[in-house]
Amino acid sequence: MLAAARLSLVPLLATVAALLALAILGAAPAAAQDGDLRIGYDQPIDSINPLGQQNQISYQVTTLGYDLLLNYATKDGSPDLATSPARSFTHSDDGLVWTYRLRPGLVWSDGRPMTSADVAFTYRTVVQNQTNVLRGYLQDVKRIETPDPLTVRITLERPNARMDSMNVAILPEHVFGKLPLKKRDTAAIKLPTVTTGPFMIQSYDPTGTTVLVPNPRFRGPKPAVKRILLIRYLDRQGELRDILLGKLDMVYSADARWLRKVRSEPKIKAWISTRPGFYEIAFNSCPSGGAGTCSGPSKGAHVKVVQDPAIRQALAWGIDRPDLARTAYGGTSEPAYGLISPYYTRYFEDLSKDPQVGYRYDPDKARAVLAAGGWNCRSVPCTKNGTTAEFELIVRSNDPEGQSAVKRIQAWAHDIGIKIDIAVMTETALNNRILATGSKPGSYAPSYDAFYWQWVGDVNSPDLNLEVLRTGSSWQDSFYSNPEYDRLARGSLRTLDFAKRVDLMHQAERVAQRDLPYIPTVFSGAVVLTRTDTWHNWQPSPTAGSGSPVTTNWQQFVGLRPGPAPTAAGGAASSGGGGGGTNTGTVVLLVLIALGVGGGVGLTVGRRRTSSAGFPDDWTEE
Amino acid sequence: MSIRAVLTRISLALATLLFVVCFNFFLFHAVGDAKQDLARNPRLDQAAQLATIKERGLDKPLLSQFGTYLSQTARGDFGDSFVSHRPVIEELGHALPNTLILIGFATLIASLLGPMVGLAAAWRRGRWRDSALTQGSVALYSMPEFWLGMVLISLFATRFPIFPAGLQVEPGSTTTGLAHAFEVAKHAVLPVATLTLSLLAQYAVVMRASATDAMREDFVTTGRAIGLTPRQIRRRHVIPNARLPVVTVIGLNFGFVLGGAITIEALFSWPGIGQLTVEAIENKDYPVLQGVFLVSATGVILMNLIVDLLYTKLDPRVQLD
């Protein structure tokens, strides 16, 4: 290979020229096709099977095709009978029998009728398949009946308030019924998907572009969007670049750090919304005698410190949450004073003004709480009966914002007399500390003092946000145990009267805020970017406060209209924007090629001239 | 080179591979605990967690799991992905060709042009061309690949939008056949160029040093004395003696680049092994990670073997026995 090589740079230049020629011949970025809605995202679509999805984006994709029995309203996530397959639902007085009446004339995208049998099939699959991710919604189901093709009757073991907000996509029995029960959550789905919603998945490529097209038999208004292109980016900067260039219409999950950059872009709108979750400092709350799945804290844990109510309350008063939201989270999050995010507009209660559990930043009060708790804070850290107010706070290595947050928390804690030692570790290492093997089979002996992490709950109700602190819950990580809290949290799930249910939730939330197994710091936020010149009529959800134009239901996409929003004068705002510059680029390229070829010729001629002039003498010893 | 020597080399390679296969299993069991990762999954209740653990065989003793792993691997079955539930071999089969497109073209171009650049610099040692090429190569060599890629994107995709900045095809493209191949080629230009420039610079630097040494040898002086032309000296004496280190580096690089293309693939959203690796790490998808690790290690071992065998052809002084 090398023996045959000529000492010339011509091949190099020729290669470069060929590549550039390739570019000129057809490499200019393609303009968006009419009717395409191009969405950039970075989290992988792990599955398009609603029974086996883990990631939020995956859920988003299937929501555009599959209906829930009761879809969520854009306004506030409540059951929306106007857009749902069910046109009505009732329950018995004791809440044990729920009856749903389907809309007549529903058809799947392949033309087969959708009936109560499909609903029953789906729910039975969720109950009977052991590994699907939707089991929690139907845990209390005793019996499912279909008295007629338009009626589904579900009998429960116990009342369950979530029967009007089950996040369970209704699946076609004639498609999924062909799969063995055990494999229904993991099996690949034949494309295009058979759906009742406005779109169906035409092609699925988790590492490239997933394409959705309109369902020709959709019962509602035809969407203006002809194709939804979900374009996977591994490099998030690529998403920013491409929306600025006009090659994307939406970035599904944008980086908060881009806000400063896009603020000056008139054709980009940033939607900053609160998510249904919270970041928290979780304390090792496992009692010495054990409770639930915890057999007692590990010996190395500083439980004397982190289980002291004065320490927790002092820290809660000593954290400046608005500052944390503004700095560590770039203004995309909201200060958290409870477990239920303002995302849940129907459930949220602002506890910040509560004198007992509001914990608004007040370092003097924090010091007073420590003093009242018997801590001597003449020097830092405070001491009490030979114990120093010092503990380890673990933060995940893949959470840069969290790392920034805990550094600020460390400084505030120091200011009131508590010393925090920060440890950064992987999620796996942290899980090993949380779920360290306990003294009884299947039990845990948590070996951490405190950690910083987050929970993100369901779209429609904050039950999960409360469930994570219930004794024995499989999601317990603080190992907090309080019968009063358990009664209230479980009671809220069993209470059908909405006002009473919300009240029980608030009571549970207050108990948790009083005991502070978690100190919530911020309600996590999300940033979505959209272009204003390609599509308009985005519908934020929830409507009140800061909503997101995506995540709740398919209506948010059906309502989209092409082009910029009409102005008050009746015309459309100027369009255009990114993606230009091809002609300039071509001219520049031609110049580059000319220079390259010229240079190549020059070098080649130079080589020949030197060779012909005789033996070069410049390779002798220097 | 005797058949026995070749067989010995192949046996050694296979033994190394066997060690890697075993190490692969214990490595991922040491760094992660799939059971505990499941426990914090808010989408799986306790019953689902237990069922999943059982389904994946994670409830069995480690040695029993190891036995299953060995027998499956021997059959070319690396298990199913924890995330996509597809067989890992399918995931690899989808990603590996894409990575090989990048690495293959980059290695081909770089291994052709890099040594030429190095030789051109060595031949003009001390002159402006040497300075320009050597300094240029060293500068390229020292640049982080992702930074070089970002510069190319900034120039040729953003400032002058000539080439696509990422992805393998235009989103929603429905092209097939030659048109599809052309589209892929168009999208591969910048990632291949980035990888090529990094490799090319490395090969140029190695070749320059090696050729400079060769040009100081007595046989070159003798060649000049007996009236050989510079071209004859280069082709007959300098290149054959200078190419061995370059061949070694190219061979080893090919194996390592399989894993090293991660940054390039991430930057250009190119769906190859790198992307698969990043996702598997993020999702703690241990079967996929094991598969990737095994493929990368096999690449390195295979290329080592090929270089070993090639040496005897390139340099008759080298004897495997």
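1. In which helix of chain B is Asn283(B) found? Asn283(B) belongs to helix α12 of chain B, which covers residues 273–283. The model under discussion is predicted, and the remarks below should be read accordingly. With a relative accessible area of 28%, Asn283(B) is partly exposed. Apart from neighbours within four places in sequence, Asn283(B) is in contact with Pro44(A) and Val83(B). Its C-alpha lies 25 Å from that of Pro191(B), a residue 92 places away in sequence.

2. On the overall architecture of chain B: the chain contains 13 helices and 0 strands. The C-alpha trace spans about 85 × 55 × 35 Å along its principal axes. Of the 321 residues in chain B, 53% are buried. Among contacts in chain B between residues at least 6 apart in sequence, those joining residues at least 24 apart make up 73%.

3. Helix α5 of chain B (residues 88–123) packs against helix α13 of chain B (residues 286–314) at an angle of about 50°, the two axes being 10 Å apart. The angle makes α5(B) oblique to α13(B), and the crossing is right-handed. On the α5(B) side the contact involves Val88(B), Leu92(B) and Leu96(B), which meet Pro287(B), Val288(B), Gly291(B), Val292(B) and Val295(B) of α13(B). By class, this contact has 7 nonpolar residues, 1 polar residue and no charged residues. An α-helix has 3.6 residues a turn, so residues three or four places apart point the same way.

4. Over all chains, the structure holds 27 aromatic pairs. One of these is formed by Trp317(A) and Tyr359(A), edge-to-face, with 5.1 Å centre to centre and 70° between the planes. The pair links distant parts of the chain: Trp317(A) is in helix α8 of chain A (residues 309–318), Tyr359(A) is in the loop between β11 (334–335) and α10 (363–372) of chain A, and the two are 42 residues apart. Trp317(A) is buried at a relative accessible area of 8%, and Tyr359(A) is buried at 2%.

5. Phe82(B) is buried, with a relative accessible area of 16%, and Tyr286(B) counts as buried at 10%. In chain A, Tyr343(A), Tyr344(A), Tyr347(A) and Phe498(A) form one aromatic cluster.

6. Is Asp249(A) buried or exposed? At 0% relative accessibility, Asp249(A) counts as buried, and it sits in the loop between α5 (236–244) and β9 (250–251) of chain A. Leaving aside neighbours within four places in sequence, its contacts include Asp36(A), Leu37(A), Arg38(A), Arg531(A), Trp535(A) and Trp538(A). Asp36(A) is 213 residues away from Asp249(A) along the chain, yet their C-alpha atoms are separated by 8.9 Å.

7. Helix α2 of chain A (residues 56–63) is mostly covered, with 7 of its 8 residues buried. Among the buried residues are Ile57(A), Tyr59(A), Gln60(A) and Val61(A). The buried residues of α2(A) pack against the strands β1 (36–41), β6 (199–203), β7 (209–214) and β8 (227–232), and against helix α16 (555–558), of chain A.

8. Most residues other than glycine have a negative phi, and most peptide bonds are trans. In chain A, the bond from Leu191(A) to Pro192(A) is cis, with omega near 0°; Pro192(A) lies in the loop between α4 (173–176) and β6 of chain A. Ser541(A) and Pro542(A) are likewise joined by a cis peptide bond, with omega about 0°, and Pro542(A) falls in the loop between β18 (535–536) and α16 of chain A.

9. Positive phi values occur in chain B. His85(B), not a glycine, has phi near 65°; this residue is in the loop between α4 and α5 of chain B and is partly exposed, with a relative accessible area of 25%. Ser269(B) has a positive phi of about 50°. Ser269(B) is located in the loop between α11 (262–267) and α12 of chain B and is buried, with a relative accessible area of 3%.

How values were computed: Residues are numbered from 1 along each chain as its sequence is written. Chains are lettered from A and ligands numbered from 1 in the order in which they are written. This is a predicted model: local features need pLDDT of at least 70, side-chain atom pairs count only at pLDDT 80 or more; totals for chains, interfaces and linings use all residues. Side-chain values use heavy atoms; hydrogens and water are left out. Axes are lines fitted to C-alpha atoms, for helices over the stretch in contact, and angles run from 0 to 180 degrees between N-to-C directions. Helices (H or I, at least four residues) and strands (E, at least two) are DSSP runs, numbered from the N terminus. Angles under 35 degrees count as roughly parallel, over 145 as roughly antiparallel, 65 to 115 as roughly perpendicular and the rest as oblique. A crossing is left-handed if the near helix is turned anticlockwise from the far one by less than a right angle, and right-handed if clockwise. Contact means heavy atoms within 4.5 Å. Ala, Val, Leu, Ile, Met, Phe, Trp, Tyr, Cys and Pro count as nonpolar, Asp, Glu, Lys and Arg as charged, and the others, Gly among them, as polar. Buried means under 20% relative accessible area, exposed over 50%, partly exposed in between (1.4 Å probe, protein chains only). Rings of Phe, Tyr and Trp (its six-membered ring) pair if their centres lie within 6.5 Å; planes under 30 degrees apart count as stacked, over 60 as edge-to-face and the rest as tilted.
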